[in-house]
Amino acid sequence: MLKKLHIVFALLCAVAMSQFPEFHQQYTQRIGGALDELTLQVAALDERARNAGMDRYDYVRHFQNNSDSIVKGEGDAMLATLSRQQRLAKAYDRLTEAPWYMIVVETAFHLEPDVAANTAEVFVPAVPISFSGAVHTFAGFLIGYLLPAMLGSLVPRRRSRAA
């Protein structure tokens, strides 16, 4: 019975891991969409700075150095937008350029929790017919098969007494 549960667990892990390439693809698309929107916001900020006769960072500093807390807050928000754009641009480049065997690692290193949560909320599973999907399926099966065995080896076993 335990052996059957072990195989069932391994198969469930395989099915779950088989979906990772699709999650990665949907997550990357969402990062790209967020980046597109931020790029429009930064272009508008640059236009406002140009109209004020300043470059981008002088414009932002003008807001941040203001004694009015509301204006200072706007400067902080502009800086946060610029920072997020840079972070998402780097993440998007790494996610789109990652070879199939690195997508789990790159996704973990460039995880944007809000984007990942929104991706998971509307995630649509797909049949993993790619090489990457097959490898991730096999990796999931191995994890699901080996994990219980490794955890079981940590549990001390009782020795039966010879009567």
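Predicted model: local features only at pLDDT ≥ 70, side-chain atom pairs only at ≥ 80, totals over all residues.
Q: Good to know. Which residue does arginine 87 form a salt bridge with?
A: With glutamate 112, and the closest N and O atoms of that salt bridge are 2.7 Å apart. This pair links distant parts of the chain, as arginine 87 sits in helix 4 while glutamate 112 is in the loop between helix 5 (103-109) and helix 6 (113-121), 25 residues apart.

Q: And why does glutamate 112 count as buried?
A: Because its relative accessible area is 6%, and buried means under 20%.

Q: OK, how many salt bridges does the structure hold?
A: There are 8 salt bridges. One of them joins the side chains of arginine 94 and glutamate 106, at 2.7 Å from N to O. Arginine 94 lies in helix 4 and glutamate 106 in helix 5, so this pair ties together parts that are 12 residues apart in sequence.

Q: How accessible are arginine 94 and glutamate 106?
A: Arginine 94 is partly exposed at 40% relative accessibility, whereas glutamate 106 is buried at 7%.

Q: Which residues do salt bridges with shared partners join into one network?
A: Arg84, Arg87, Glu112 and Asp114.

Q: What about lysine 72, what does it pair with?
A: Lysine 72 forms a salt bridge with aspartate 76, with 3.7 Å between the closest N and O atoms. Both are in helix 4 (residues 69-97), 4 residues apart, which is about one turn of the helix. Lysine 72 is partly exposed at 36%, and aspartate 76 is partly exposed at 34%.

Q: Let's switch to aromatics. How many aromatic pairs are there?
A: The structure holds 7 aromatic pairs. In one, the ring centres of phenylalanine 23 and tyrosine 27 are 6.1 Å apart and the planes make an angle of 10°, so this pair is stacked.

Q: How do tryptophan 100 and tyrosine 101 pair up?
A: Tryptophan 100 and tyrosine 101 form an edge-to-face pair, with 5.5 Å from centre to centre and 90° between the planes. Tryptophan 100 is partly exposed at 34%, while tyrosine 101 counts as exposed at 54%.

Q: Which residues form one aromatic cluster?
A: Phe20, Phe23, Tyr27 and Phe123.

Q: New topic! Which residues form the nonpolar patch on the surface?
A: Phe9, Phe138, Leu142, Ile143, Leu146, Leu147, Met150, Leu151 and Leu154, with about 860 Å² of accessible area together.

Q: And which helix gives the most to the nonpolar patch?
A: Helix 7 (residues 131-154), with 8 residues. Methionine 150 is placed in helix 7, and at 52% relative accessibility it counts as exposed.

Q: What does tyrosine 145 touch?
A: Leaving out residues up to four places away in sequence, tyrosine 145 touches Lys3, His6, Ile7 and Ala10. Tyrosine 145 lies in helix 7 and is partly exposed, with 25% relative accessibility.

Q: How far is tyrosine 145 from arginine 48?
A: Their C-alpha atoms are separated by 58 Å, and along the chain the two are 97 residues apart.

Q: What box do the C-alpha atoms fill?
A: Roughly 90 × 40 × 25 Å, taken along the principal axes. The radius of gyration is 24 Å, whereas a compact globule of 163 residues would have one near 15 Å.

Q: Last one: what share of the residues is buried?
A: Buried residues make up 29% of the 163 in the chain. The accessible surface comes to about 11,100 Å², and 63% of that belongs to carbon and sulfur atoms.

Methods: Residues numbered from 1 in each chain as written. Heavy atoms only, no water. Patch = residues over 30% accessible without salt bridge, like charges linked within 9 Å, V, L, I, M, F, W, Y side chains within 5 Å. Areas by Shrake-Rupley, 256 points an atom, 1.4 Å probe, with all protein chains shown as cover. Salt bridge = Lys/Arg side-chain N within 4 Å of Asp/Glu carboxyl O. Helix = DSSP H or I, 4+ residues; strand = E, 2+ residues; numbered from the N terminus. Buried < 20%, exposed > 50% of the residue type's maximum accessible area, 1.4 Å probe, protein only. Contact = heavy atoms within 4.5 Å. Phe/Tyr/Trp six-rings, centres within 6.5 Å; stacked < 30°, edge-to-face > 60°. Rg over C-alpha atoms; globule rule 2.2 N^0.38 Å.
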